[in-house]
Amino acid sequence: MAYDVAAVRAHFPALREGAAHFDGPGGAQVPDVVADAVRDTLISAVSNRGSVTASERRAEEIVRTARRTMAEFLNAGSIVFGRSMTQLTYDFARTLSKNWRPGDEIVVTRIDHDANIRPWVQAAEAARATVRWASFDRTTGELPVESVTKLLSDRTRVVAITAASNLLGTRPNIAEIARAAHEMAAFVYVDGVHYTPHVPVDVEALDADFFVCSPYKFLGPHLGVLAAAPELLETLRPDKLLPSTNAVPERFELGTLPYELLAGTTAAVEFMRSLDGLEEYELELREKMEHGLRELGVRIYSKASSRTPTVLFSVDGLEPAEVYRRLGAEGVNAPAGHFYALECSRWLGLGDKGAVRAGIGPYTDESDVDRLLQAVAKLR
């Protein structure tokens, strides 16, 4: 069955404003079913989790359902919820680094979002551990497996790596890198924020010890999700309040969970599951967009053989911010910047200004791509 983008778009009230949204990599638009789930929870009787009153039981069921749904969606063991991927990564970097010693090594990559770099760099500094940097190919946008594996040693404690670059879309070979890291008894912490909206996720197949993502990137509310094996989480001792539970995964969650956002996350996952043929559809639109941009003579930086439907480009003679502004005036939302992938932008030679990023999502259609290309043509 062909992907029915018109039926999908009918679920997104925000699209009625008329903009062509290529800003999904920074946060997707939300379908009505997700908004309804959030609203319904907020106007329902909900208390702190428990088993005595109906409102307690409702809260308990919302949490249990969200954990189960996310675990199934990611093919993962245990689910930890947090305010954001950044917050979760800082929390886990602090927790893991309690066991680091001077001379231990942490591997990060220049293609990652800073949320999967700075927490590890700062934790390493505090523990007097060494940071090893894996670089990607500036010309192709590829992060070769050996660029990471050559840095591994028996002192490597964590390899922090993205499953898909939020700036370039590049998808490194996580499973092969993880295999090599595990041979050195290192943990693999995978940023799946930009990967999860576009690719069926299988944390077990990726062989990731920790996998983090953000529901607001896959049509849900603002929240962070971490997946890991419960057996692994049992070995970690995070800082927490004395009266709070010591059970896994709750001991990693600070304070009362946002029940309405968990309900929205469940609804977002269920909606994503209904989108048969999404990956193929998005890649077809990406090819159309890239072909059109090349014909217009713009500079494209996204060139890796395996990547998401995300294109980073610049227009010679125009600052990225100016391109962004002029596209916006045409009703095309394609922002510019480094998008917190600061090391990546600098490594590409784009400095802190970055470039223009156009991302395709479940609600993008051919007319959106046409509008983008027409707007870019006016810049020439």
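Leu 219 counts as buried in this predicted model because its relative accessibility is 1%, where buried means under 20% relative accessible area, exposed over 50% and partly exposed in between, with a 1.4 Å probe and protein chains only. The residue is placed in the loop between E7 and E8; helices (H or I, at least four residues) and strands (E, at least two) are DSSP runs numbered from the N terminus. The model is a prediction in which local features need pLDDT of at least 70 and side-chain atom pairs count only at pLDDT 80 or more, whereas totals for chains, interfaces and linings use all residues. Residues are numbered from 1 along each chain as its sequence is written, and side-chain values use heavy atoms, with hydrogens and water left out.

The loop between strand E7 (210-213) and E8 also holds Ser 214. Ser 214 counts as buried because its relative accessibility is 4%. Not counting residues up to four places away in sequence, Ser 214 touches Met 85, Val 193 and Leu 223, contact being defined as heavy atoms within 4.5 Å. Ala 229 occupies the loop between strand E8 (224-228) and helix H9 (230-234), and at 34% relative accessibility it counts as partly exposed. Ala 229 and Ile 79 lie 150 residues apart in sequence, yet their C-alpha atoms are 8.6 Å apart in space.

The domain assignment of the chain gives domain 1 (5-27 + 277-378) and domain 2 (36-272); such bounds come from an automatic or database domain assignment. The centres of domain 1 and domain 2, taken over C-alpha atoms, are separated by 26 Å. In the contacts between them, 35 residues of domain 1 meet 33 residues of domain 2.

The largest nonpolar core comprises 99 residues, of which Phe 22, Met 70, Leu 74, Phe 211, Phe 313 and Leu 327 touch the most other members. A nonpolar core is a set of buried Ala, Val, Leu, Ile, Met, Phe, Trp, Tyr and Cys residues joined through side-chain atoms within 4.5 Å. At least three residues of this core come from each of domain 1 and domain 2. Leu 74, leaving aside its neighbours within four places in sequence, has contacts that include Ile 79, Phe 211, Val 225 and Ala 227. A second, separate core of 30 residues includes Trp 120, Val 193, Leu 232 and Leu 233.

Pockets and cavities were located on a 1 Å grid over the protein atoms alone: a cavity is a set of points where a 1.4 Å probe fits but cannot get out, a pocket is an open set with protein on both sides within 12 Å along at least five of seven lines, and lining residues have an atom within 4 Å of a point. Grid points are joined across faces, edges and corners, and a volume is the space filled by probe spheres set on the points. The largest pocket has a volume of about 410 Å³. Its lining numbers 26 residues, with Thr 86, His 113, Tyr 216, Lys 217 and Tyr 340 the closest to its centre. Helix H4 (85-96) and helix H5 (118-127) are the elements that give two or more residues to this lining, and H4 gives the most, with three. Domain 1 and domain 2 each supply at least three residues to the lining of the largest pocket.

Tyr 340 lies in the loop between strand E12 (336-337) and helix H13 (342-347). Its phi is near 70°, a positive value in a residue other than glycine, and at 57% relative accessibility Tyr 340 counts as exposed.

The second largest pocket has a volume of about 320 Å³. Of its 15 lining residues, Ser 244, Glu 250, Glu 253, Gly 255 and Thr 256 lie nearest its centre. A cis peptide bond, with omega about 10°, joins Val 248 and Pro 249; Pro 249 is in the loop between H9 and helix H10 (259-273).

The structure holds two cavities of 30 Å³ or more. The largest cavity contains about 120 Å³ of space. Among its 15 lining residues, Gly 24, Pro 25, Pro 197, His 198 and Lys 217 are the closest to its centre. Both domain 1 and domain 2 give residues to the lining of the largest cavity, so it lies between them. The second largest cavity holds about 30 Å³ of space, and its lining includes Arg 171, His 198, Glu 279 and Arg 307. The second largest cavity likewise lies between domain 1 and domain 2, because both give residues to its lining.
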